[in-house]
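Take a look at the chain below. Read its sequence alongside its fold.

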Amino acid sequence: MRMRSLTLAAASGAALLAAGVLPASASGAVPKSAQEGSVSAADLLAKVKSCSQISSGKYKTDDETSATIPVCGKNGAVFWKADMDIDCDGQRTTNCNENRDPWYQDDTAFHQSDGKPLKAESLPYIVVPSSSSIWNYSSAGIKGGGVVAVIYNNKVEYAVVGDTGPTKIIGEASYATAKALGIDPDPATGGADSGVTYILFKNSKVSPIESHSAAVTLGDQLAKQFLANN
């Protein structure tokens with residue numbers, strides 16, 4: 001639930017299967033690489049070339065930029081194309097703490113099955129804008145633990161919806177998401193300026209939220225459904 005000053009950042013550098021829940025054992029390992037699953041980045045990107053805007057307005061990627069990013073709708077999913085800022089919030093770890101991240105917060109909007117905040121360093125998750133007059137993510141069928149296909153540089157990484165951010169800014173994901181996609185994960189100076197596509201599958205939920213293996217398995221199934229239905 002980062003409310004970072006991006007001015008400071010710039011200065012410093014389809015229904016879900018069955019009941020929609022796929023249980024699996026939790027895994028804390030950082031994903032080593034992406035391509036994950038069997039659906040290619042090219043096939044997913046081919047389905048999101050055009051945008052049917054569902055948000056009432058558009059989002060900024062940073063405090064200084066103009067609002068140019070819409071939330072778009074497809075059968076069974078919503079998507080946007082933006083940048084990637086690095087979210088290091090949640091449990092303190094070697095690379096995610098107040099010493100490494102000037103905007104560090106020790107909590108996330110959604111929590112692990114044991115009630116603790118998520119671990120940005122090891123769990124691929126994305127940040128959705130907090131609900132506002134621009135767009136209400138929950139009304140669109142997006143929930144904490146929902147599955148997301150994050151695409152960058154012809155790679156696919158499956159993540160979960162793990163945190164909420166500012167109401168007017170979009171394009172942020174965890175340290176682990178960036179690292180798996182080959183993006184510099186440094187919370188102060190890393191990220192990607194553009195070229196990141198986020199496809200969020202409606203009414204999906206990984207259980208437990210901290211299981212990346214469950215996100216990959218369910219994400220691959222939902223990606224195949226997405227291709228079939230669009």
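**Overall picture**

The model is predicted. The chain averages a pLDDT of 89, and 85% of the residues score at least 70. Residues 1-32 are another matter: there the pLDDT is below 50. Even so, this stretch has 94 contacts in the model beyond near neighbours in sequence.

The secondary structure comes to four helices and nine strands. From the N terminus on, the order is α-β-α-β-β-β-β-β-β-α-β-β-α. The chain has 230 residues, and buried ones make up 53% of them. Its accessible surface comes to about 9300 Å². Carbon and sulfur atoms account for 48% of that surface.

**The core**

The largest nonpolar core holds 60 residues. Which of them touch the most other members? They are Trp80, Met84 and Ile126.

**Helix α4**

Helix α4 covers residues 212-229. It has 18 residues and reaches 25 Å from its first C-alpha to its last. That is close to the 26 Å expected at 1.5 Å a residue. Which residues of α4 are buried? They include His212, Ala215, Val216, Gly219, Leu222, Ala223 and Phe226.

Most residues other than glycine have a negative phi, and most peptide bonds are trans.

Two of them are asparagines with a positive phi, Asn153 and Asn203. Asn153 lies in the loop between β5 (147-152) and β6 (155-165). Asn203 sits in the loop between β8 (192-201) and β9. Are they buried or exposed? Asn153 is exposed, while Asn203 is partly exposed.

| Residue | Phi | Relative accessible area |
|---|---|---|
| Asn153 | about 55 degrees | 59% |
| Asn203 | near 55 degrees | 43% |

From Ser207 to Pro208 the bond is cis, with omega near -5 degrees. Pro208 lies in the loop between β9 (205-207) and α4.

Technical notes:
Residues are numbered from 1 along each chain as its sequence is written. This is a predicted model: local features need pLDDT of at least 70, side-chain atom pairs count only at pLDDT 80 or more; totals for chains, interfaces and linings use all residues. Side-chain values use heavy atoms; hydrogens and water are left out. pLDDT is the predictor's confidence in each residue, from 0 to 100. Contact means heavy atoms within 4.5 Å. Helices (H or I, at least four residues) and strands (E, at least two) are DSSP runs, numbered from the N terminus. Buried means under 20% relative accessible area, exposed over 50%, partly exposed in between (1.4 Å probe, protein chains only). The expected span of a helix is 1.5 Å times one less than its number of residues. A nonpolar core is a set of buried Ala, Val, Leu, Ile, Met, Phe, Trp, Tyr and Cys residues joined through side-chain atoms within 4.5 Å. Accessible areas come from the Shrake-Rupley method with a 1.4 Å probe; for residues, only the protein chains shown count as cover.
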